[in-house]
Amino acid sequence: MKGGGEARGQTAQSYLIALGSNRRHYRHGLPPHVVDAAMTDLERLGRIEARSAIEHSAPIGPARRRFANAACLLACAAEPPALLDELKAIERAFGRRRGQRWGDRVLDLDIVLWSGGIFAGPNLSIPHRAFRTRAFVLGPARAIAPCWRDPITGLTIRQLHARLTTRRPLPREHPRLAPGP
């Protein structure tokens, strides 16, 4: 896979990749610069077809710092497990170490969706299990792939984002269920 591009006879596949950082990097600096540098590193794996702007989000879990998040569409010939290995290698090159789940991190790269639909392996599930509940993934993804459909729900990224972020009024009480006098 190293060296980018497509191997002879292999067809490029599209991947939606989510990027995030909330720790400074000794060379790249603040988290938005880390995400930008990681996006550039992804170009060695294939062709970046689209990239979102970098957005900021509140931490989840035990993380303490705000995150810089983005998404990109990557076209490459790798099968999902091989691409995951490459993404983990990039994370390690940026200084990512195994640690507390959802803790602070220099770089996080996740495969969210794949043009091949559903993939289930021992270390990888596509679509990403939690992407439907994360505005910090759906927001950047909506900017670059609003019509991409989730193969599980059939909903587009735009629809998933709207369901997650649109405020809805509380239902009115039904007269028969209203508390009595």
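Strand 1, strand 2, strand 3 (55–57), strand 4, strand 5 and helix 4 are among the elements that cover the buried residues of helix 3, with contact taken as heavy atoms within 4.5 Å. Those buried residues are V137, L138, G139, P140, A141 and I144. Here buried stands for under 20% relative accessible area, exposed for over 50%, and partly exposed for anything in between (1.4 Å probe, protein chains only). Helices (H or I, at least four residues) and strands (E, at least two) are DSSP runs, numbered from the N terminus.

A word on the ground rules. The model is predicted, with local features needing pLDDT of at least 70 and side-chain atom pairs counting only at pLDDT 80 or more, while totals for chains, interfaces and linings use all residues. Residues are numbered from 1 along each chain as its sequence is written, and side-chain values use heavy atoms, leaving out hydrogens and water.

On the overall layout, the protein chain has four helices and seven strands. Read from the N terminus, the order is β-α-β-β-β-α-β-β-β-α-α. Of the 181 residues in the protein chain, 44% are buried. Among contacts with a separation of 6 or more, 65% come from residues 24 or more positions apart.

Helix 1 comes next. P31, V34, V35, A37, A38, M39 and L42 are the buried residues of helix 1, and they pack against strand 1 (13–21), strand 2, strand 4 (67–76) and helix 2.

Turning to the hydrophobic side of things, a nonpolar core is a set of buried Ala, Val, Leu, Ile, Met, Phe, Trp, Tyr and Cys residues joined through side-chain atoms within 4.5 Å. The largest such core has 29 residues, and I17, L19, L42, L83 and I111 have the most contacts inside it. Strand 1, helix 1, strand 4, helix 2 and strand 5 each put in at least two residues of this core, with helix 1 giving the most, six residues. L42, setting aside neighbours within four places in sequence, touches I17, L19, I48, C72, L74, L87 and I90. There is also a second, separate core of 17 residues, which includes L16, L73, V112 and F131.

As for charges, the whole structure holds five salt bridges, each being a side-chain nitrogen of Lys or Arg within 4 Å of a carboxyl oxygen of Asp or Glu. One of them joins D36 and R51, at 2.6 Å from N to O. This pair links distant parts of the chain, 15 residues apart, with D36 in helix 1 (residues 31–42) and R51 in strand 2 (residues 47–51). D36 counts as partly exposed because its relative accessibility is 37%, and R51 is likewise partly exposed, at 38%.

Another salt bridge pairs R132 with D150, the closest N and O atoms sitting 2.5 Å apart. Here too distant parts of the chain are linked, 18 residues apart: R132 belongs to the loop between strand 7 (125–126) and helix 3 (135–144), D150 to the loop between helix 3 and helix 4 (157–165). R132 is partly exposed at 23% relative accessibility, whereas D150 is buried at 2%.

The bridge between E91 and K88 has its closest N and O atoms 3.3 Å apart. Both residues lie in helix 2 (residues 80–93), three residues apart, or about one turn of the helix. E91 is buried, with 4% relative accessibility, while K88 is partly exposed at 27%.

Beyond its neighbours within four places in sequence, D110 is in contact with L16, I17, A18 and H128.

Finally, the cysteines. The structure holds zero disulfides, a disulfide being a pair of cysteine sulfur atoms within 2.5 Å. For C76, the closest cysteine sulfur is that of C72, 10.0 Å away and therefore too far for a bond. C76 is buried, at 0% relative accessibility, whereas C147 is exposed, at 54% relative accessible area.
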